[in-house]
Amino acid sequence: MDDGSVILKTRPVSEPVALLAPPAPERKAWKRQRLAAVLSPIILIVGWTLLSRSGWFPAEIVVPPEVLWKTFVTYWSNGQLPDHLTGSLGRLFGGYLIGAGIGIALGTLMGVSKQAEAYVLPGFHIMRQLPTVALIPAFIMIFGVGETVKLVLVAKATALPVALAAFQGVKGIPRTWLDVARIHRIPALTQFTHVIVPASLPVLVQGLRTALARSWMVLVAAELLVADSGIGQMMEWGRQTFRLDLVLIGVVITGLIGFTLDKGFRALERLLTRGSRRQEA
Amino acid sequence: MNTAVLTDIRPTTGDRITKFALGLRGFVIPVLALVAWQLASQQGAVQAYVFVPLDGVFKSLIEHFADGEIPINWLASLGRTASGFAIGGLLGVSLGALMATFRPVDVLVNPIYQAVRQVPLLGYIPLISLWFGNGEPSKLLIISLAAFYPTVLNTYEGLKHIDARHVAVGRIFLASRWQTFRHIVLPGALPSVFTGLMQAVAFTWLSSVGSELFFNPGPGLGNMMANGQAAFRMEVVLLAVIIIGVTGYVTNLIVSKIADRVLRWRNVR
């Protein structure tokens, strides 16, 4: 009887039905949720410990947590881990700043000028089809195996999404706002700083955030292939020498960095777009 | 003076030609880049190694199509992507649905899912390599994860964000559990599930190539690139890049067309 037309049987409702579920004791549920958020990692760690103790796997494959901790402390105190960290983060921020600069300039230019859009946008769309990871071998051949290639890769991974966000941010500004500015004969520079920049900022910042996550992934991948330092290189070295403890520490650190970057950026985002949200409210 | 109030606004032939000519502006920069590349290749033997002449690239395209290198690697990558997408997508939708439906699952699994997802996918490669080796299963694992992450998230979000008023209407009409699912929950969540699957398509293709770059054995476009790089044959690497780009573009196009068709009943904002 499921012909898609009249679907739900209609019966007279004899008693009032609560439209929405009564507000459950939400506070309690929330508390339970927080507890669970702590609980599941604990279960994971305990499970891991038990697995490493069970003797089913050799300790080299499922490394016991205390060994991981010891390795971490050793590598942290002998300065190797901090070196890898500064190496990776330096590259990330260097390439990111270059890429974001190019992206913002290019995207804003395309957004402001129809001519620039007509000249640049199609080529830009072609570039966007080429995943950065797939460009690693070609870039290695062009730029060699030094620092340049990593900076270029991170800059490329950053520039394209940022340019797109900047472009969309500027294009999304209501025409009337610009018209108002023009009617009041506001100088072009003031129009730029007081209308275009604040109005396109929320979209741009969002693009900057996704670009940061993406460039971190590209950098880790690039370091796995070519590097003499960095978290990726540390993991690759651990792989080649069968040091699973190093690999696992690398994985955790990579995740923590990704997480911290994202959270930090979200905080920055809230700070920067405070004004525009207040206007909406 | 007000004789011609109504003007014919249909584009004339002249307008069309102008539009076409203006559209050509987009080709200026790509063509300049190609010319620069070609010029660089003619600077000397060393430069010709890196900046392979364009006719060389074209020649090697024909050559490697004929000798089967391109079709074999291409199909291998496509097949791998498809299986990874199927495995990861299926598991992802299931887990997302489970998490959205059963609180205990949500509470226990969600934090772990969020934690695991923080590590960039390709960062798992050394770990997977040591645990599962460098063969086909490792590649499939990476690709499946690439499909898994976005489908879990979007299925979960889609089911969680069903309009409460729609469910309330269902309750007023005393809809059974199945009816509620079939006519309220499913259509409500489907757009989001589809978004997840679309992201998965793009992401699986990328990670397929990425995993092939790192796990050497077996055919695949990533492999073709790795071998090309090792042998310093830029034309092979470039061909692979171009094929990867074109394939990604075409699949995204197909998927978005399918999504448009499947979801055409939805009110587009």
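Contact here means heavy atoms within 4.5 Å. This is a predicted model, in which local features need pLDDT of at least 70, side-chain atom pairs count only at pLDDT 80 or more, and totals for chains, interfaces and linings use all residues. Side-chain values use heavy atoms, with hydrogens and water left out.

Start with helix H9 of chain A, residues 231-240. Helices are DSSP runs of H or I with at least four residues, and strands are runs of E with at least two, numbered from the N terminus. H9(A) is mostly covered, with seven of its 10 residues buried. Buried means under 20% relative accessible area, with a 1.4 Å probe and protein chains only. Among the buried residues are A:Gln233, A:Met234 and A:Glu236. In chain A, the buried residues of H9 pack against H3 (80-112), H8 and H10 (244-272). From chain B, helix H7 (125-132) joins them. Just after H9(A), A:Phe242 has a positive phi of about 55°.

Now the nonpolar cores. Each is a set of buried Ala, Val, Leu, Ile, Met, Phe, Trp, Tyr and Cys residues joined through side-chain atoms within 4.5 Å. The largest holds 92 residues, and B:Met225 and B:Met234 touch the most other members. Helix H8 of chain A (residues 188-225) supplies the largest share, 13 residues. Beyond four places in sequence, B:Met234 contacts A:Ala138, A:Met141 and A:Ile142, and also B:Trp37, B:Tyr49, B:Val50 and B:Val52.

Finally, chain B. An unreviewed UniProt entry annotates residues 74-255 as "domain: ABC transmembrane type-1". UniProt annotations may be inferred rather than shown by experiment. That span is 85% helix and 0% strand, and its end C-alpha atoms lie 19 Å apart.

Key. Residues are numbered from 1 along each chain as its sequence is written. Chains are lettered from A and ligands numbered from 1 in the order in which they are written. Buried means under 20% relative accessible area, exposed over 50%, partly exposed in between (1.4 Å probe, protein chains only).
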